Amino acid sequence: MADAAQASGAAPRLKGRYTPEQALQLLLAGSGLAYRRTADGAYIIYPAPPLAPSEPDNPVSLPELLVTARSQNSDIPRTQDDIQPYKVWTSRDLATSHVDTLDDFFRERLSSNAQPRAAIQDPVNQNGSSRSEIDMRGMGSSQTLVLIDGRRLPSLPSIDNAFLQSDISGVPLSAIDRIEVLTATSGGVYGAGAVAGAVNIVLKRDYRGADLAVTYGDTSRFDAATKRVDGRIGFTPDGGRTDVMVAFSDFRGADLRVGERDYPAKARARRYANDRKSFLADSPGLSAADVAKIDLQFAPGLITPWANLVTRESSSSALLSVRHRFGPSVEAYLDGLALRSEGRSYTPAGRYIGVPVSALANGYSTLDQAVEQRSRTATTRTTAGLIIDLPAAWKLNADYTAGEAEVRGSANYHDQPGSFGSYVQSNSFRVISARLAGSVADLPGGPLTLSLLAEDRREHVPAATVKDYNLFFWDGMPYGVTQTLRSYYAEARAPLIPRDDGPRLLSGLELQLAVRHEAMRAVLPANRDDLLFANDDPVDDHQTAPVYTLGLRVFPMPDVMLRASLATGVVPPAIAQLARATMRYSASEGTGGVAWNYQFGVHSSDPKRRGALIGSEQPLLATFGGSPTAERARSVSVGLVATPRAAPGLRFSIDYTRIVKTREPVIISGGGAQYFLDHEALYPERVIRAPLTDADRARGYTAGVVTSLDTSAFSIGETISEAVDFQFDYRIATRKAGDLRFSSSVTWQPLLRRHVEPYNETLNAVGDDLEPLAWRGTASAEWSRGPWLLGLAADFYDHYRVARLGEAKFRADQWIRFQGSDRIASQIYFDLVGAYRFDRPPMALARSMEVRFGVRNVLDRDAPVVANEYGMGYSPFADPRGRRFDLTLLSRF
């Protein structure tokens, strides 16, 4: 131990079989001490520099919950030097980001996240919601799994019969210890849903003391103030046998109104300037003479001036952690969290960018047509369990988890409460699980570890409570569904060859194998009341899927690590895909409604019977609905990590990942009967006819009457993603000038190809509107010395096309004319951060105090104006609020 190495407090209790590096990492965590290994194999403990020490060569390969009392994370700790390509952020990274919510952090700092628009940037289509959404590689948010402490949260129930990604927008950044993000398929490790990747948020649990942080922020125009309070207290009531921690957070955001920014007005003016003819045609009732009466450039009042550009959001959270030790071998814990996020928006009855006819009278649309929309999501989860030490350093963990996710929505005219309606939907959630982990054998490179898991999970969504059916459930009323999953998992880590011994090319060889058996079941009742979600009989769908993750890493050179992995994944069929019905249809009866007749009635004529309407000669059996087949995925990842000894503190990695997802449900041509009649030769099993009669031949018919028609979905869709992720970190520690840290994370995604029509050309979606960008990245530089910290960060977004994937050509051409270009220019935004720590604060009660200051978009760069009608007049990668400031005062007691 170095002379200057000292720390107060005791090291955590540690029991098991570990390598020296693994044990020291756990024993010194949070102590302010670090270690290094000398050339002759000795270990020296010394005061840690302000920057975090390097990760050990062999991270602990057992569930963190079973290894140390400092965490409730039930997963194996993952690092950036793991076998699969992980990105890891620490609490320091989160503190210096100065974002409002965790959703903001992932949209800005996770370069593989292709979610282009936050919910608060889309007040109309998101119904005032402020929920989070992570979309890795652009494959859809349902393909990215989100965990907290290695455990799932209740899925959000939706009004279109889907289990949506869990909402984490209420998780306060101050409560997070670290975030582990995997950017590849890993069904073997995480189970169903981890197709495009997984996000594990590890919370701070072990804490004694108290701290309180107050944050205030606003724009440089002082028109969108934000406020936040975060607090935490931890104590032991019985001398260390019991640890209790309670944390809370409350965030109040501010909306941004149309009258406070001119993006819609600029978009309107651009459309008129670039294509006056189409602009007038696209604004019914408006003539060229009328346009002369309106200032299109600076007239936000063309729509309600207090309509929202950004939804007003708020969130709150409460966390509880209790651990009690019953002697040396048994420990009990209770872990609870409650999250709430809420949004409110005012939206016009008309369009944001078009010109309503009412504007001709006085320049304003009528205020009484503004709609107030409110949305709230509330998520709770409580886990109680035991940890038992077993012989041979094995450990057993058994726990029970219960929770609920509730979604509430309402809409009203702003001056008429209750004028539209409201709904409430909930999802009750419970999980029973048992984990067993330990060391199996000693291998040359370290212990062979094995982790086992058996889990039974159930989610139940009862029928929603709805007022005004047509407003919220125009796509079909959910009648209550239950989804269960039983999972059996095993993960082994085998360090076969030590890094300092054996063949050079195989030095440090370590293998990883994780396998799971997923037994999925979904139950939903019979429902013949709704066309789009009808099914003849109660559905009880059973499916099983084995999935695996296989990987290795090796150190062919002292400073270079190579890694590769192969993994599979599975996504259970969406509830809507399980709905399937066969109904008798007769054109003369016409009892199916407008949508029914559109699919099977007056618009469906038989080309082999001289245009006769199907169902007009005799009734037929019509089948429609989804495809109950589970989607499958396979990914390959290959990477290199370099840590040159000539430049201590430097780390660079490059990882290539290819994901292929198959068996996606595809409803061809919207499920319309006419398409199948016109292309009967391609789908002979879908169009069934009676034999051709002599009477038919006499009429010139070439085929018998249609007796059965099946337009249900096919499981033929395919999505292929290819991406390369770059990471760069360089830490430089000096004695006098302070410490420097440079970091960057960049993603290049050249391919996202979707095959959704069996006989049509596949399309690459990269670079289209609302699709993944070809290049996206973030970079930062920090300087710290003693109590001071200064940093500068930059976020880069590549250019993208104005039109959307699959847009009709005439519509795409119109958007290009309106914009005056076929693409939106690339964007870069800079943030500035600073902090100062008072080790002897002026407040006598506080043992330390810290002041943090941040400036978002420090150059106050405007967002690019977007002239299509889909958005709010600006690029969703930008923040329309412009330059923003925030100040945090953190006191520790």
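**Surroundings of phenylalanine 106**

Modeller: Leaving aside neighbours within four places in sequence, phenylalanine 106 is in contact with Trp89, Asn113, Ile134, Ile168, Ile179, Val181 and Val199. The model is a predicted one. Phe106 belongs to the largest nonpolar core, which has 34 residues; Phe106, Leu102, Ile148, Ile168 and Ile179 are the members that touch the most others. At least two residues of this core come from each of helix H4 (102-109), strand E4 (144-148), strand E8 (176-182), strand E9 (197-203), strand E12 (242-252) and strand E16 (330-347). Apart from this core lies another, of 27 residues, including Tyr272, Ala307, Val802 and Phe818.

Helix H4 lies across E3, E8 and E9, and runs at about 45 degrees to E8. These strands belong to an open sheet of five, ordered E3-E8-E9-E4-E5, with mixed pairing. Strand E3 (86-90) and strand E5 (151-152) stand at the edges with a single partner strand each, so one side of each has no neighbour in the sheet. Between E8 and E9 the pairing is antiparallel and extends over six bridges; arginine 178 has valine 202 of E9 as its bridge partner.

The axes of helix H6 (residues 263-274) and helix H15 (residues 809-819) come within 7 Å and cross at roughly 105 degrees, which makes H6 roughly perpendicular to H15. From H6, Arg270, Arg271 and Asn274 meet Trp815, Arg817, Phe818 and Gln819 of H15. This contact comprises two nonpolar, two polar and three charged residues.

Note on methods:
Residues are numbered from 1 along each chain as its sequence is written. This is a predicted model: local features need pLDDT of at least 70, side-chain atom pairs count only at pLDDT 80 or more; totals for chains, interfaces and linings use all residues. Side-chain values use heavy atoms; hydrogens and water are left out. A nonpolar core is a set of buried Ala, Val, Leu, Ile, Met, Phe, Trp, Tyr and Cys residues joined through side-chain atoms within 4.5 Å. Buried means under 20% relative accessible area, exposed over 50%, partly exposed in between (1.4 Å probe, protein chains only). Helices (H or I, at least four residues) and strands (E, at least two) are DSSP runs, numbered from the N terminus. Contact means heavy atoms within 4.5 Å. Two strands pair if DSSP finds at least two bridges between them. Axes are lines fitted to C-alpha atoms, for helices over the stretch in contact, and angles run from 0 to 180 degrees between N-to-C directions. Angles under 35 degrees count as roughly parallel, over 145 as roughly antiparallel, 65 to 115 as roughly perpendicular and the rest as oblique. Ala, Val, Leu, Ile, Met, Phe, Trp, Tyr, Cys and Pro count as nonpolar, Asp, Glu, Lys and Arg as charged, and the others, Gly among them, as polar.
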